Amino acid sequence: MNDVKRNIEIIRERIDKAATKSWRKPEDIHIVAVSKTYPAEKVLDAYNAGLRVFGENKVQEALEKIEILSSFKDIKFHLIGHLQTNKVKYLKDKFELIHSVDRIEIVQEMQKRFSKLNHIQDILIQVNIAREPQKSGVLPEDFDELLEYVLQANFVRLKGLMLIPPFFDEPQLNRDNFRKMYKLFEKIKTYTDVEYLSMGMSDDFEIAIEEGSNMVRIGTAIFGKRG
Ligand SMILES: *Cc1c(COP(=O)(O)O)cnc(C)c1O
């Protein structure tokens with residue numbers, strides 16, 4: 001058994017525990033295997049261990065891997081990194097879900113490009129819930145305005161929310177941020193149909209699941225430390 005396969009087994013067990021602890025079904029927690037910086041062969045190791053959804057943070061790198069792996073029809077890619085408006089034109093039919101929509105400008109560009117292509121893109125809104133300066137994600141005070149804009153845009157379909165929390169050596173320190181995200185998620189669920197709360201990475205996914213995450217983005221714990 002290779003390292004990736006073994007790592008995935010361990011992660012599945014840890015997800016099972018965290019889900020059970022919070023009275024949720026383990027199969028309701030979606031794993032996005034973050035393959036950024038790793039070659040397509042590593043993606044296939046994870047694929048052979050049963051994973052199908054992969055996360056990339058750079059459009060160019062993702063497009064190359066998508067091309068190499070195009071014969072595997074059931075592999076899906078998610079874009080999880082900061083998105084520039086000039087990259088929107090490359091996105092059609094490449095990403096099952098874009099996690100990083102954080103400003104009206106990017107939705108406007110999506111509307112403009114995707115309306116011409118008749119492409120409807122599933123997206124998440126990335127929230128800077130901890131109000132970190134210089135960090136991507138919409139600020140809580142600007143969230144309602146962005147949400148309203150997204151909901152009237154007919155070529156994007158809102159599927160949920162995404163968080164990249166502040167970095168702490170002690171992941172427990174983000175519990176409160178995860179809670180705030182869950183609250184916001186529950187709030188928007190009352191008037192629009194959303195499915196995914198994307199939060200939790202290698203160091204904190206159990207805490208994120210305990211606080212309501214149903215989509216975890218795991219890189220190093222699957223593939224090892226990035227070079
Ligand atoms: C790299 C990355 C991850 C995965 O981080 P790990 O600590 O390697 O699990 C998750 N989400 C985003 C947005 C990332 O850029």
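## Overall form

The structure is a predicted model. Its protein chain contains eight helices and eight strands. The radius of gyration of the chain is 17 Å, close to the 17 Å that the globule rule gives for 227 residues, so the chain is as compact as a globular protein of that length.

The C-alpha trace extends over about 50 × 40 × 30 Å along its principal axes. Of the 227 residues in the chain, 50% are buried.

## The largest pocket

The largest pocket has a volume of about 490 Å³. Its lining consists of 22 residues, and those closest to the centre of the pocket are Ile-164, Met-201, Ser-202, Asp-203 and Arg-226.

By residue class, the lining of this pocket comprises 10 nonpolar, six polar and six charged residues.

A pair of aromatic rings is described by the distance of the centres and the angle of the planes. In the whole structure, three aromatic pairs are found. One of them joins Tyr-47 and Phe-72: the ring centres are 5.2 Å apart and the planes stand at 70°, which is over the 60 degrees required, so the pair is edge-to-face. This pair links distant parts of the chain, as its two members are 25 residues apart. Tyr-47 belongs to helix H2 (residues 40-48), whereas Phe-72 is placed in the loop between helix H3 (59-68) and strand E3 (76-79).

The two partners fall into separate accessibility classes. Tyr-47 has a relative accessibility of 14%, under the limit of 20%, and therefore counts as buried.

## Positive phi angles in two loops

Thr-37 has a phi near 70°, a positive value in a residue other than glycine. Thr-37 is located in the loop between strand E1 (30-34) and H2.

Arg-131 also has a positive phi, of about 55°, although it is not a glycine. Its place is in the loop between strand E5 (121-126) and helix H5 (143-152). The relative accessible area of Arg-131 is 44%, so this residue is partly exposed.

## Buried residues in strands

Val-34 forms part of strand E1. With a relative accessibility of 3%, Val-34 counts as buried. Val-34 and Val-216 are 182 residues apart in sequence, while their C-alpha atoms are 9.6 Å apart in space.

Lys-159 is found in strand E6 (residues 156-162). The relative accessible area of Lys-159 is 17%, and because this is under 20%, the residue is classed as buried. Between Lys-159 and His-30 there are 129 residues of separation along the chain, and their C-alpha atoms are separated by 13 Å.

## Buried phenylalanines

Phe-185 is located in helix H6 (residues 175-189). This residue is buried, with a relative accessible area of 2%. Phe-185 and Glu-195 are 10 residues apart along the chain, with a distance of 9.1 Å between their C-alpha atoms.

Phe-155 lies in the loop between H5 and E6. At 14% relative accessibility, Phe-155 counts as buried. Phe-155 and Gly-219 are 64 residues apart in sequence, and the distance between their C-alpha atoms is 30 Å.

Methods. Residues are numbered from 1 along each chain as its sequence is written. This is a predicted model: local features need pLDDT of at least 70, side-chain atom pairs count only at pLDDT 80 or more; totals for chains, interfaces and linings use all residues. Side-chain values use heavy atoms; hydrogens and water are left out. On a 1 Å grid over the protein atoms alone, a cavity is a set of points where a 1.4 Å probe fits but cannot get out, and a pocket is an open set with protein on both sides within 12 Å along at least five of seven lines; lining residues have an atom within 4 Å of a point. Grid points are joined across faces, edges and corners, and a volume is the space filled by probe spheres set on the points. Ala, Val, Leu, Ile, Met, Phe, Trp, Tyr, Cys and Pro count as nonpolar, Asp, Glu, Lys and Arg as charged, and the others, Gly among them, as polar. Rings of Phe, Tyr and Trp (its six-membered ring) pair if their centres lie within 6.5 Å; planes under 30 degrees apart count as stacked, over 60 as edge-to-face and the rest as tilted. Helices (H or I, at least four residues) and strands (E, at least two) are DSSP runs, numbered from the N terminus. Buried means under 20% relative accessible area, exposed over 50%, partly exposed in between (1.4 Å probe, protein chains only). The radius of gyration is taken over C-alpha atoms; the globule rule is 2.2 Å times the number of residues to the power 0.38.
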